[in-house]
Amino acid sequence: MPTRPRLLSLGDRVRYDGREHTVAALHGTSVRLADDAQAASVVLLGHMLASEGFTVLSTSLTISTITDSHSDTRVPGGRDPVTD
């Protein structure tokens, strides 16, 4: 059984219903998709995830890491809002 994505984000490219789409909006359990011809469709997330052939082709999710250094949190004047 193929694995399903744990997170679906705006801008993700998916294959659904035999065509490639971009996730254009997420609202509750509804997903708005736009295909390459800019035709829009709305589908229930559960229905899409359970459909035969659904695949996430690429994701727009960027993950940032948190470091121990707070040097990037300093505000003008040298004050650190995390520790001051």
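Analyst: β1 and β5 pair in the antiparallel sense over 3 bridges, where two strands count as paired if DSSP finds at least two bridges between them. Strands here are DSSP runs of E with at least two residues, while helices would be runs of H or I with at least four, numbered from the N terminus. Within this pairing, valine 14 has valine 56 in β5 as its bridge partner. The model is a predicted one, in which local features need pLDDT of at least 70 and side-chain atom pairs count only at pLDDT 80 or more, whereas totals for chains, interfaces and linings use all residues. Residues are numbered from 1 along each chain as its sequence is written, and side-chain values use heavy atoms, with hydrogens and water left out.

β1 also pairs with β2, again in the antiparallel sense, over 4 bridges, and arginine 13 has threonine 22 in β2 as its bridge partner. These two strands form a hairpin with 2 residues between them, and aspartate 17 in the turn has a positive phi of about 60°. Both pairings belong to an open sheet of 5 strands, ordered β4-β3-β2-β1-β5 with antiparallel pairing. Its edge strands, each pairing on one side only, are β4 (40-44) and β5 (55-58). Neighbouring strands of this sheet are turned by 40° against each other on average, direction ignored; the axes are lines fitted to C-alpha atoms (for helices over the stretch in contact), and angles run from 0 to 180 degrees between N-to-C directions.

The charged side chains can be followed from here. The structure holds 4 salt bridges, a salt bridge being a side-chain nitrogen of Lys or Arg within 4 Å of a carboxyl oxygen of Asp or Glu. Arginine 13 is joined in this way to glutamate 20, with the closest N and O atoms 3.1 Å apart. Arginine 13 is buried at a relative accessible area of 18%, and glutamate 20 is partly exposed at 31%; buried means under 20% relative accessible area, exposed over 50%, and partly exposed in between, with a 1.4 Å probe and protein chains only. Glutamate 20 also meets arginine 15 in a salt bridge of 3.3 Å, N to O, and arginine 15 is partly exposed, with a relative accessible area of 31%. A network of salt bridges links Arg13, Arg15, Glu20 and Asp36.

Another salt bridge, of 3.4 Å from N to O, joins aspartate 35 and arginine 19. This pair links distant parts of the chain, aspartate 35 lying in strand β3 (residues 30-35) and arginine 19 in strand β2 (residues 19-27), 16 residues apart. Aspartate 35 is buried at 10% relative accessibility, whereas arginine 19, at 41%, is partly exposed.

The segment before β1 (13-16) contains aspartate 12. Aspartate 12 is buried yet has no salt bridge, and the nearest side chain of opposite charge, that of arginine 13, is 9.5 Å away; Lys and Arg count as positive and Asp and Glu as negative, with His and the chain ends not counted. The side chain of aspartate 12 does make a polar contact of 2.9 Å with that of threonine 59 (a pair of N or O atoms within 3.5 Å, of which, within protein, one must be able to donate a hydrogen and the other to accept it, while residues adjacent in sequence count only if both atoms are side-chain atoms). Serine 9 is also placed in the segment before β1 and is buried at 13% relative accessible area. The C-alpha atoms of serine 9 and leucine 26 are separated by 7.9 Å, although these residues are 17 residues apart along the chain.
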